[in-house]
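Hi there,

Here is the structure I promised to pass on. Please have a look at it first, and then read my notes below.

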Amino acid sequence: SDLTFGYSTCHRCLWLFYWFKLDLPKMMPLVSPLSAMQEKVFRNMDLQEIDANLPKGKVTRFGQKVKSQDFMINGEKTRWHIAGKYDLLSENEDRTASLIDCKVSKSEDSQSGRYAPQLEAYVFALEHPAEGEPEVVSSMGLLKWNPDHVVGDSPSTYAFGVSQEYEEVARDVDGFYKLMSACIEMLEGQLPEPGDKCATCKYLNDRDAIGL
């Protein structure tokens, strides 16, 4: 998620987090419980029930941590690796795996471009694990829940209903390597300038300008 919400938003904040563990509290109290509910629903489900275009297989692993080998740049090993926790992983009939990342979002637009680096990072860790045998990942995608209606007919049964959509995310290995190389170069360098889109840096700069 650092590639999705960190590197793409503010290099300075990401640099400060990695070197000094300086991070603002995040007010997202529903993210973890919603993610856990999604994960539970799809455990042991056939991929064809999620989307007919997915390979034939079954979701067999969920919420597991992954760690990659140290990243290589121009044939040289760096001190950086990928670490994270994926949502769903399948075992397919052709002995490959499919990675599925669960999202809750009100947006109906494509989100593959935004989350592609995050999914590629999970796949990289699966294909180049620090320990164990590498996986062969044949597809990756987003399983999106859009809360758009209410179900139930009484206060005791009311619940949010969702529309579900699976969005395949195309592999871009070359693009991921370029992104990781640029990210590592940034982290190994000096403190970057504030990000143009960073609300945190804007707030701090505006506060300093006031003189408080």
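What follows is a short tour of what turned up, from the overall picture to single residues.

First, the ground rules. This is a predicted model, in which local features need pLDDT of at least 70 and side-chain atom pairs count only at pLDDT 80 or more, while totals for chains, interfaces and linings use all residues. Residues are numbered from 1 along each chain as its sequence is written, and side-chain values use heavy atoms, with hydrogens and water left out.

The protein has seven helices and nine strands (DSSP runs numbered from the N terminus: H or I of at least four residues for helices, E of at least two for strands). Along the principal axes, its C-alpha atoms fill a box of roughly 55 × 50 × 25 Å. Of the 212 residues, 38% are buried (under 20% relative accessible area; exposed is over 50%, and partly exposed lies in between, with a 1.4 Å probe and protein chains only).

Asp46, Glu49, Glu93 and Asp94 gather in a negatively charged one, and Trp19, Phe20 and Leu22 form a nonpolar one with about 340 Å² of accessible area together. Patch members have over 30% relative accessible area and no salt bridge; like charges are joined within 9 Å, and nonpolar side chains (Val, Leu, Ile, Met, Phe, Trp, Tyr) within 5 Å. Accessible areas come from the Shrake-Rupley method with a 1.4 Å probe, and for residues only the protein chains shown count as cover. Asp46 sits in the loop between α3 (31-42) and α4 (47-50) and counts as partly exposed because its relative accessibility is 34%. Phe20, in helix α2 (residues 11-20), counts as exposed at 57%.

A salt bridge here is a side-chain nitrogen of Lys or Arg within 4 Å of a carboxyl oxygen of Asp or Glu. A polar atom of the Asp87 side chain does lie 2.7 Å from the backbone nitrogen of Cys102.

Finally, some backbone angles. Asn74, in the loop between β3 (72-73) and β4 (76-77), has a positive phi of about 55 degrees although it is not a glycine. Arg95, in the loop between β6 and β7 (97-104), is also not a glycine and has a positive phi of about 70 degrees.

Best wishes

Terms used
Lys and Arg count as positive and Asp and Glu as negative; His and the chain ends are not counted. The place of a charge is taken as NZ of Lys, CZ of Arg, CG of Asp or CD of Glu. A polar contact is a pair of N or O atoms within 3.5 Å; within protein, one must be able to donate a hydrogen and the other to accept it, and residues adjacent in sequence count only if both atoms are side-chain atoms.
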